[in-house]
Amino acid sequence: MAADFTRFNDAHQRHALNTTPTTLLNAQTDSAQSLARSALTIVDTLNAQPMYHSPEIRAVYARVRQLAHLATDAADHLIDAGHPRPHPCRASH
């Protein structure tokens, strides 16, 4: 998961240099979705292991689930940024 996080951050820097905004948003969205999938895979893997759920293990679960939710939310916002909607106050009636 740390490697996915590093690739996600590296993708931001790499794509920000010489690309169109649409290409950048698409690449960042793909990276955020991949990070979310990786975090959810970790949760599934941990769920499949018969183990005592100590406070430390529960803390790991909480952080990995939080990472998955944050990455999913980031991807959703990036998707929204690529398809802007008119502001409700500026929308024509």
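1. Start with the core. The largest nonpolar core has 15 residues, and A32, L35 and A39 have the most contacts inside it. A nonpolar core here is a set of buried Ala, Val, Leu, Ile, Met, Phe, Trp, Tyr and Cys residues joined through side-chain atoms within 4.5 Å. Buried means under 20% relative accessible area, exposed means over 50%, and partly exposed lies in between (1.4 Å probe, protein chains only). The elements giving two or more residues to this core are α2 and α3. In soluble globular proteins, nonpolar side chains tend to be buried together.

2. A word on the basis. This is a predicted model: local features need pLDDT of at least 70, side-chain atom pairs count only at pLDDT 80 or more, and totals for chains, interfaces and linings use all residues. Residues are numbered from 1 along each chain as its sequence is written, and side-chain values use heavy atoms, with hydrogens and water left out.

3. Now the overall layout. The protein chain has three helices and zero strands. Along the sequence the pattern is α-α-α. Helices (H or I, at least four residues) and strands (E, at least two) are DSSP runs, numbered from the N terminus. Of the 93 residues of the protein chain, 26% count as buried. Among contacts with a separation of 6 or more, residues 24 or more positions apart account for 65%. Contact means heavy atoms within 4.5 Å.

4. Next, the helix pair. Helix α2 covers residues 21-48 and helix α3 covers residues 55-82; they pack at an angle of about 155°, with axes 8 Å apart. Axes are lines fitted to C-alpha atoms, for helices over the stretch in contact, and angles run from 0 to 180 degrees between N-to-C directions. By class, the contact of α2 with α3 has 20 nonpolar, six polar and one charged residues. Ala, Val, Leu, Ile, Met, Phe, Trp, Tyr, Cys and Pro count as nonpolar, Asp, Glu, Lys and Arg as charged, and the others, Gly among them, as polar.

5. Look at A71. This residue sits in helix α3. A71 counts as buried, at 6% relative accessibility. Leaving aside neighbours within four places in sequence, A71 is in contact with A32, L35 and A36. Two of these partners, A32 and L35, are also among the residues with the most contacts inside the core. A71 and R37 are 34 residues apart in sequence, yet 8.9 Å apart in space, C-alpha to C-alpha.

6. I42 belongs to helix α2. At 26% relative accessibility, I42 counts as partly exposed.

7. M51 is found between α2 and α3. M51 counts as partly exposed, at 31% relative accessibility. Leaving aside neighbours within four places in sequence, M51 is in contact with L46 and I57.

8. Last, G82, which lies in helix α3. At 40% relative accessibility, G82 counts as partly exposed. G82 and T29 are 53 residues apart in sequence and 9.6 Å apart in space, C-alpha to C-alpha.
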